[in-house]
Amino acid sequence: MLPGAGGTQRLPRLVGGAAALNFIMTGEFAPQAIIECIEAACSADMAFGDGMDKESELFMQCLMNPQSKALQHFFFAERQATKVPGLKAKPVKLKSVGVIGAGLMGGGIAMASAEAGLDVTIIDVSQASLDKGMSVINANYQRSVQRKSMTAAQAQAAYGRIRPSLNYGDLSNADLVVEAVFENMKVKKQIFGQLDNVCKKGCVLSSNTSGLNIDEIANATSRPEDVVGCHFFSPANVMKLLENVKGSKSSPVAIATVMKFGSMIGKVPVLVGNCPGFVGNRMINHYSGAARQIMMIGGMPSTIDGAAERFGMRMGPIRMSDLVGIDLFGRERAKSGAADTGKNIDDWLFAEGRYGMKTGKGYYVYDEKRKPQRDPAVEAKILEISKTMGMKRRDIPDEEVQSMLFLGLINEGIKILEEGIATRPSDIDVVYVYGYNFPKFKGGPMYYADTLGLDKVLAGLNDLQIKPANLLKELVAKKMSLAQWGKANERKLHAPSKL
């Protein structure tokens, strides 16, 4: 941010222009305005009073900018998200945490917990898996020391709080357990059955799932009231969002505990309800699906990603698929017999062994620095599939690409509010900024919808032949914004299961 009240004029005179610029720019906002102010402070031709006038002028420009209002909205949204309306229960006192799974996700959760001063027991099925997981954790800490984000003593202390084990019995004194294995309901239910047998009464049992039914997992135990979802985002030791999921039987104590746990380990915890995909992944399906639709009617991976990134996304949807891995869903489709390489570009990529960044090629090809390059083979296959599907291709401008990517996502967010799966519109904004890198300077998708105007959102959905949420139609008829609706309707999260 641009520091007013003479901050850009006094500091350069005290420490020099270069040092002042380095210090002030750490706020990552309004860089051009800051540079202009410091140039004024360092100019031999400009008196202090003239520099103050320049700062005042640019400060007011920043203050009145729509981005400023969006960032102010998000500042308060982040703080409000941690507060659950009507929740009065006291959380379990946390000293010891168990983590099931020593892979990248489990290792990240263990690191975040250990760095918060919690004792961690990490469980896996084999010594080889444990050794590999602990080796990765140690390497991560060594890199942190090299980057000087941690001291050697801090890294050693955190690593020393993580205890690897093959024995579920070592979780008998845990206050909270996070299961972090792959997305397989049968495996997760088996694990929760074991946890039910070994964990002490009152231990909160949580599943790091991105969309599986928390109620079904909870029913594998004799204490479903102690079971909740804890959806971490990868890498778990870095990403700020923790999407906590309330099952139909989750107790107030369990909810209070995972909300406290999120704050303790430096996350921003948001409570959501139990439905397929919860809030984040339920909405992202519309974003990813729209990207595939655009490819079939005229867009190419680079044009789609370019439009998304010019909108403000850190990475476009096609590059994101390459980062996450084409094989994540491709393998299951191939196993089930659902894959069709002649009609589905993702199925073709999987069959060709193009899994994304991990194999050096997916939608794009990647050099040794992981820089993406367009691939004529992929673009030719897109044209072939598009022709097979009988699509008439055309040039699609950025604005239309952005509408197709984001309006369906916004519409699904409004349905989520209508169903009570999220408590507030601003909670969805927090999920999308911290979980999916939606541009913070646009405030999040729900805030962005209000700035567009809900009447324009409705009209855009009709143009795209997407059925609008009933709540959206009601709000347009009442000339009411989502923010106004949120203030009038904030309530306890009832979160009925939609499964």
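I checked Tyr 448 and found a relative accessible area of 16%, so Tyr 448 is buried (buried is under 20% relative accessible area, exposed over 50%, partly exposed in between; 1.4 Å probe, protein chains only). I note that this is a predicted model: local features need pLDDT of at least 70, side-chain atom pairs count only at pLDDT 80 or more, and totals for chains, interfaces and linings use all residues. Residues are numbered from 1 along each chain as its sequence is written, and side-chain values use heavy atoms, with hydrogens and water left out.

Next, the ring pairs. I describe a pair of aromatic rings by the distance of the centres and the angle of the planes. Rings of Phe, Tyr and Trp (its six-membered ring) pair if their centres lie within 6.5 Å; planes under 30 degrees apart are stacked, over 60 edge-to-face, and the rest tilted. I get 13 aromatic pairs by this rule. One of them is Phe 311 with Phe 438, edge-to-face, at 5.7 Å centre to centre and 70 degrees between the planes. Phe 311 sits in helix H13 (residues 301-311), while Phe 438 sits in the loop between helix H19 (425-436) and helix H20 (445-452). The two are 127 residues apart, so I log the pair as a link between distant parts of the chain. Helices (H or I, at least four residues) and strands (E, at least two) are DSSP runs, numbered from the N terminus.

I looked up burial here too. Phe 311 is buried at 4% relative accessibility. Phe 438 is buried at 3%.

Phe 311 also pairs with Tyr 448. The centres are 5.1 Å apart and the planes lie at 85 degrees, so this pair is edge-to-face. Phe 311 is in H13 and Tyr 448 in H20, so the pair ties together parts 137 residues apart in sequence. I find Tyr 287, Phe 311, Phe 406, Phe 438 and Tyr 448 linked into a cluster by ring pairs.

Last, I followed H13 to helix H14 (residues 317-324). Their axes come within 7 Å and cross at roughly 105 degrees. Axes are lines fitted to C-alpha atoms, for helices over the stretch in contact, and angles run from 0 to 180 degrees between N-to-C directions. H13 and H14 are therefore roughly perpendicular (65 to 115 degrees; under 35 is roughly parallel, over 145 roughly antiparallel, the rest oblique).
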